[in-house]
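Work through the exercises below with the sequence and the model side by side. Try each task before reading its solution.

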Amino acid sequence: MCDELIRNTKVTLHANEDDEMSNLPETMQVVEMTAPGGPDVLRPAHRPVPRPAANEVLVRVAAAGVNGPDLMQRKGLYPPPTGASDLLGLEVSGEVVAVGSDVQRWSIGEKLAGLTNGGGYADYCVIDARHCLPVPKGVALRDAAGLPETCFTVWSNVFVVAGLKAGETLLVHGGAGGIGTTAIQLGKAFGAKVIATDSPDERCNVCRELGADRVIDYRREDFVEIVRSAGGANVILDIVGGANIEKNFKAAAHDARIIQLAFALGSKVEVNLMPVMLKRLIYTGSTLRTRPAAFKTRVAQELEAQVWPKIESGAIRVVTHHTFPLREAAQAHTLMESARHTGKILLTVG
C-alpha cells in the first residue's frame, strides 16, 4: 500500500519545494485498513509523507472528517479511484506546507479546508488546489474539516443537479446527521421550506434548532401523509433507501427531484414505479469522489461565493458533534455507525 503513495510519474515542483520538503519528516502517522471489515480493521501505521503534484498542495492536517463513504470503503464497498490514496479520509483542514508548480492561489503557511479523493486519515495529505477553500472567518481550523464533504455533496446535488429554488419544499431524511444538518441550513438559507425526518427526540430537536420548518419523528409519524398534506416535496434528499424509496415517490410533488445519497436500509427493493411516470419524477443517485475534477472545481467556486459568506455571517452554523484523536479512528467509526451523533465527527491530528 505504501507504493501507491510514492508517485512513479515525474512531478514538477516549485524551485524551493525541495527545501520545503526537506524541512518535513520523511514518514507520517496514518490510519490504514488491514482488510475490509468492521471498525477494528483500522490500525495506526506509518507511511512516507506524500509529495504534491503540480496542481496540488501538501497540507499538514489539523483534522479530518469522518463520513459515510469512509465506512463504505472500510467495508470494501467503495474502492478509491485509480491513482487516489488507499487511505480513508475525504476532507481535511490544515496548513499548507508545500505547493506544486502550477498552484497560483495558495502559499506556504495558509490555512484551508479541502476535499480529497482519499488520504485524509494522516498527518499530511495532498489535495487538488482547486478543491480547497479558505477557512471561513469565525470558524475554528479544526471544525473547518467538517465542511468540504457535506457542503460539496449538498450543494452539488440539491442546488446544481436538483435546482432547488426559493419557495420550494425540501424534504431531508436523517436531518440531524452530517449531511442533514448541512442540507437543512442550506435549504433555509436560500429560501426553501424544509421538512426533516429523524428520531428520537434529541435528534429531532437538533433539526428544529437548525431551522427546519417541520420535523417528523419517523418512528411515531407517517412522513408521507404529513408531506403530502403540505403539498408534497419538490426536492427529496435521502440516505435511507429501503422502504423509504417508494414512500418518497408518494411524498413527492409533481415534477419533484429525488436524490439518493446512501442506502442505510438497503438498495434492493421492489417498488411501484407508476408514480415516477404519473408525477414526472426525477430519481437519481450520486457519488462525489468519482466526479470530474472540473465539476468539483465549479462547486468549490460556488461554495466560496455563495455559501461561505453565510457561514461567516452566522446564518449557517458548523455542527461538530465529537472529536477523536487520529489513532482512535475505529471508535469514531463505531460512533458513526451507531447513529447516536448529531452533526460531524472529526479526527484530530497532532
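At 3% relative accessibility, Cys-132 counts as buried, where buried means under 20% relative accessible area, exposed over 50%, and partly exposed in between (1.4 Å probe, protein chains only). The model is predicted, so local features need pLDDT of at least 70 and side-chain atom pairs count only at pLDDT 80 or more, while totals for chains, interfaces and linings use all residues. Residues are numbered from 1 along each chain as its sequence is written, and side-chain values use heavy atoms, with hydrogens and water left out.

**Exercise 1. Find out how many disulfides the structure holds.**

Step 1. Recall that a disulfide is a covalent bond between the sulfur atoms of two cysteines. The criterion applied here is a pair of cysteine sulfur atoms within 2.5 Å.

Step 2. The count for the structure is zero. For Cys-132, the nearest cysteine sulfur belongs to Cys-125 and is 9.0 Å away, and Cys-132 is in no disulfide.

Step 3. Cys-151 is in no disulfide either; its nearest cysteine sulfur, that of Cys-132, lies 14 Å away. Cys-151 counts as buried because its relative accessibility is 3%.

**Exercise 2. Locate the cis peptide bond that involves Pro-200.**

Step 1. Look at the bond joining Ser-199 and Pro-200: its omega is about 0°, and it is cis.

Step 2. Place Pro-200 in the chain. Pro-200 lies in the loop between strand S9 (193-198) and helix H6 (201-209). Helices (H or I, at least four residues) and strands (E, at least two) are DSSP runs, numbered from the N terminus.

**Exercise 3. For Asp-255 and Ala-339, state the phi value and the location.**

Step 1. Asp-255 is not a glycine, yet its phi is positive, near 65°. Asp-255 belongs to strand S12 (residues 252-260). With a relative accessible area of 40%, Asp-255 is partly exposed.

Step 2. Ala-339, also not a glycine, has a positive phi of about 60°. Ala-339 sits in the loop between helix H11 (329-338) and strand S15 (344-348). Its relative accessible area is 42%, so Ala-339 is partly exposed.

**Exercise 4. Which helix holds Met-274, and which residues form a nonpolar surface patch with Met-274?**

Step 1. Met-274 lies in helix H9 (residues 274-278). Met-274 is partly exposed, because its relative accessible area is 41%.

Step 2. The patch consists of Met-274, Met-277 and Leu-278. Together these residues have about 330 Å² of accessible area, computed by the Shrake-Rupley method with a 1.4 Å probe; for residues, only the protein chains shown count as cover.

Step 3. Check the patch rule: residues need over 30% relative accessible area and no salt bridge, with like charges joined within 9 Å and nonpolar side chains (Val, Leu, Ile, Met, Phe, Trp, Tyr) within 5 Å. A salt bridge is a side-chain nitrogen of Lys or Arg within 4 Å of a carboxyl oxygen of Asp or Glu.
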